[in-house]
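Please open the structure in a viewer and keep the selection panel at hand.

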Amino acid sequence: MAIMTGAQILIESLLKEGVDVMFGYPGGVVLPIFDVLYDSKLKLTLTRHEQGAAHAADGYARATGKVGVCLSTSGPGATNLVTGIANAYMDSIPMVAITGQVKTFLIGNDAFQESDVTGITRSITKHNYLVKDIKDLAMIIREAFYIASTGRPGPVVIDLPVDVQTAKTEFIWPQKVSIRSYQPTVEGHLGQIKKAAKMLEKAEKPVLYIGGGVITAGAAQEVLSLAEKAKIPVTMTFMGLGAFPATHALSLGMLGMHGTAYANHAIMESDLILAVGARFDDRVTGRIDAFAPHAKIIHIDIDPTSISKNIRVDVPIVGDAKKTLKDILEYMKKAPDTTRWLQTIEQWKKQYPLVYQKDDKLRPQYIIEKINELTRGDAIITTEVGQNQMWSCLWYKHIKPRHWISSGGLGTMGFGFPAAIGAQMGCPGKLVIDIAGDGSIQMNIQEMATAVNNKLPVKIVILNNGYLGMVRQWQELFYKRRYSSTTLKNPDFVKLAEAYGAVGMRIAKKEDVEPALKKAFATDNVVVMDFIIEPEENVFPMVPAGEALNRMLGGMA
Amino acid sequence: MKHTLSILVENRFGVLARVAGLFSARGYNIDSLAVSETQDPTVSRMTVVVNAGDEKILEQIKKQLNKLIDVITVTDFTKREYIERELVFLKITVDKKGFPKLRKVLDRAGADLLEKREGYVIAELVADQEHIKDFLGELECYKVQELVRTGRIAIAK
C-alpha cells in the first residue's frame, strides 16, 4: 500500500499521464508540490510570469499534440494564468492548468492570495475542478487529462487547496476513466455521410474549407486525398494553416478578413462548401447574410455547438474529422468535374495575386518570404498578434501541421514568444521562430530569461515599425489617421537581448536581411532580430469588418 | 416564447453555477428554477423556465448545456406533452369578518388553508401556471403580505 501526500499523488499521476514537461511558477500554497518536484524526475520549467507558463504549455501542446501542463500558486498566480487559459479555450488546445488554493476551511473567507479560481475560469475552460477530498485527486487528474484531450480539446483547471496537498491517502491510479455525461460523438451519421458524398459527386464549384479541427484530428492526409481525388480547391482558416500544403496547386491559401482574394472569391462563387473542423468565425465569414450565397454547406465537426451557430448548414455531420473524411472518400463513387471551376480559380490567382511593393525599402513581407525561403517551410513559426501575425499567415508557406502556432480566437498579444519556448521544449533541435511586432514582444519579454537559462534557442524576429501596427492600420483606414495611443517609443531591443544573455541584431537594410537570418539560424542561442521596417506598411488584402467577403480593400474586389 | 427545460445533471457542487452561467452570460433571465435529487441520488434534475427572445440563441444554449461535462441530458418540454405544477404559499391579511368570503375563494381554487392566525392566514396552492394566475387574480382585492413560489416542475407524459 502506497500512502502518499496529495502533492505526491499529483506528481505521480502526472507521470502516469506521460507528462514530461510542465511550466510554472511557485508560491505560498504550492510549496508542498514544489517540494516534491525538487527531486522528482518530472522537471518543471520556471517561467518569469504565470502568463508565460500558460502560453508555453499551450505552445508545447500545439507543437506536439500532447496535453500542455502549467502550474501556479493561488490568487495572483492563478489570475495570471487566466489569459493563457482563455487563449487555449478559444483555440481548442488540450491543457491542464493546476492552481494552488488556500486551505479548504479558508475558502470564501478572503484569505491571503485567495481567488475563486473555479468561478473565474468557468466560462473559459472545458471543465474545472476544486479538489476538496484527497481521495478524489487521482481520479480528477485522470478525468482532467481525458476531458482536455478528447472530443473538441480544451483547457481543464484543477484547483488544489494546500491542505489537500499535505493530506495523506493510499495512491490508487484509476485503471480507466469513463464519464457518463461526457461521450463525444466520433462516428459521423452514415446517412449524412452518404448524402455528403453524393453532393460532392455532383458539385460544379466545390470548395474545401478546413480549420484547426483537421490538425487536432490528424486528418491532413485525408484532406489531401479527398482534395486530390475530387480535384477540389482547399482554403484554410487561420487555425488550419499547415493542414494542407500552401504550395499545392489546389491551395487557395487563407480565407477571411485578411485572406487571399482568390480564396474569398472562390467561397463567394462556390456551389458547395465542405467545412471540416472549422467554425465559421466572424473573421472568416465577413457579413454573415452575404456569405457564400450560392453554396450548399456540409459541415463536419466533433462539436455540435459549432454547427449552424453562425451559418445555416445543409448537411451537419457530428464526428471525428479523420474518420468522417475517410468514410466520405469511401462512399464517393466518382469525382466531380471541376475543370472549369479550377480554370476560373487560376484566373483569379493571376488576376489578384498577393502583392507588396518591391523596392529598396525594408518591407515585412520580404523578411517573411526570406524566412520561408531559408527554412523551406520546415520551421515552427509562432507569432504575436496583429500585422506581424497576418503577414506571417500570408507570406510564409505553411506546409505542415503543427508548425504554425498563433493565437487565433482570443488574439492574445504576448502569446508568440512563450509559445515558442513551449514549442522548443517539445521539439528540441527544431528551428523555432517567433515573428513579433515591437508592441507585442514587450508583453511577455520577461520570458527572455526563461529561454536563455533553459538553453531554448528561440529566434525572435521583431518587425519593428514603431507602431501598434494593426490598430494604426485601422486608425489610418477608418479613423482619419488619428493615431491615438499607437505610436511606440521602444527600448533598444539589441541591448535588451544582450542584457538577458541573448544575441541582439539590428537590421535596417533590405540587403542585410538574408545574411542576418542565416547568422541567427546558425546561432545556438536566443537571438533577437530587430528589423526596422517601413513604418506604415499595411496588411492587404483586407475585408473591412462587417463587409461581404468579396468587398476587399487593396484593389482585389 | 417560454421554454421549459428539464436538465439532468450530476449531483455535485458547481453544476448550478455552470448551468446558470450559460443564461446569465447572454443576459437571459431565468423565470423559474427548481432543483432536486432524483430517484438516483447521484443525479439531480433542474427544471428551468426561460423566455427565449431569440429561438436561435436558445438552441445554442441548449447545445452548450449538453456540452457541459456535468450535464447528462437536456430535454425541452415546449413542443412535447408534459405536466407542470408549481406550489405557491400565500400569507393573506384577513379579519374574522372577511374570512368566510376568502375561504370560498380558496376552496374554489382548490387551495388549502394551512394556518389561521390573528389577522392573517397562510394558504397553499399546487397548480399549473394558468390556475395560479387566475387564483392570484381573484385575490387582487386582498392584501397579500408574502408570496412564495417553488418554481415550476415538469414531467413528460
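The stops below concern a predicted model, and each begins with a selection.

**Chain A as a whole.** Select chain A and display its C-alpha trace, which spans about 70 × 60 × 40 Å along its principal axes. For 557 residues, a compact globule would have a radius of gyration near 24 Å; the value for chain A is 24 Å, and so the two agree. Switching to a cartoon display brings up 21 helices and 20 strands. Of the 557 residues in chain A, 57% are buried. Among contacts in chain A with a separation of 6 or more, 76% are between residues 24 or more positions apart.

**The domains.** Next, colour residues 3-170 of chain A as domain 1, 190-351 as domain 2 and 364-532 as domain 3. Where the two domains meet, 5 residues of domain 1 of chain A are in contact with 5 residues of domain 2 of chain A. On the domain 1 side, the touching residues comprise 1 nonpolar, 2 polar and 2 charged.

**The cores.** Now select A:Val96, A:Leu208, A:Ile210, A:Val223, A:Val276, A:Val461 and A:Met529, the residues with the most contacts inside the largest nonpolar core, which has 181 residues. Which residues does A:Val276 touch, not counting residues up to four places away in sequence? They are A:Leu208, A:Ile210, A:Gly211, A:Gly213, A:Val214, A:Val223, A:Ile300, A:Ala321 and A:Leu325. Then move to B:Ile7, B:Val9, B:Val19 and B:Val49, which are included in a second, separate core of 14 residues. Nonpolar side chains tend to be buried together in soluble globular proteins.

**The contact between chains.** Show chains A and B together. Here 12 residues of chain A are in contact with 14 residues of chain B. The chain A side of this contact divides into 4 nonpolar, 5 polar and 3 charged residues.

**A loop in chain A.** Finally, select A:Thr150, in the loop that runs between helix H6 (137-149) and strand S7 (155-161) of chain A. Is A:Thr150 buried or partly exposed? A:Thr150 is partly exposed, because 17 other C-beta atoms lie within 10 Å, whereas a buried residue would have 20 or more and an exposed one 12 or fewer.

Conventions. Residues numbered from 1 in each chain as written. Chains lettered and ligands numbered in written order. Predicted model: local features only at pLDDT ≥ 70, side-chain atom pairs only at ≥ 80, totals over all residues. Contact = placed C-beta atoms within 7 Å. Nonpolar A, V, L, I, M, F, W, Y, C, P; charged D, E, K, R; others polar. Domains from an automatic or database assignment. Core = buried A, V, L, I, M, F, W, Y, C linked by C-beta atoms within 7 Å. Helix = DSSP H or I, 4+ residues; strand = E, 2+ residues; numbered from the N terminus. Rg over C-alpha atoms; globule rule 2.2 N^0.38 Å.
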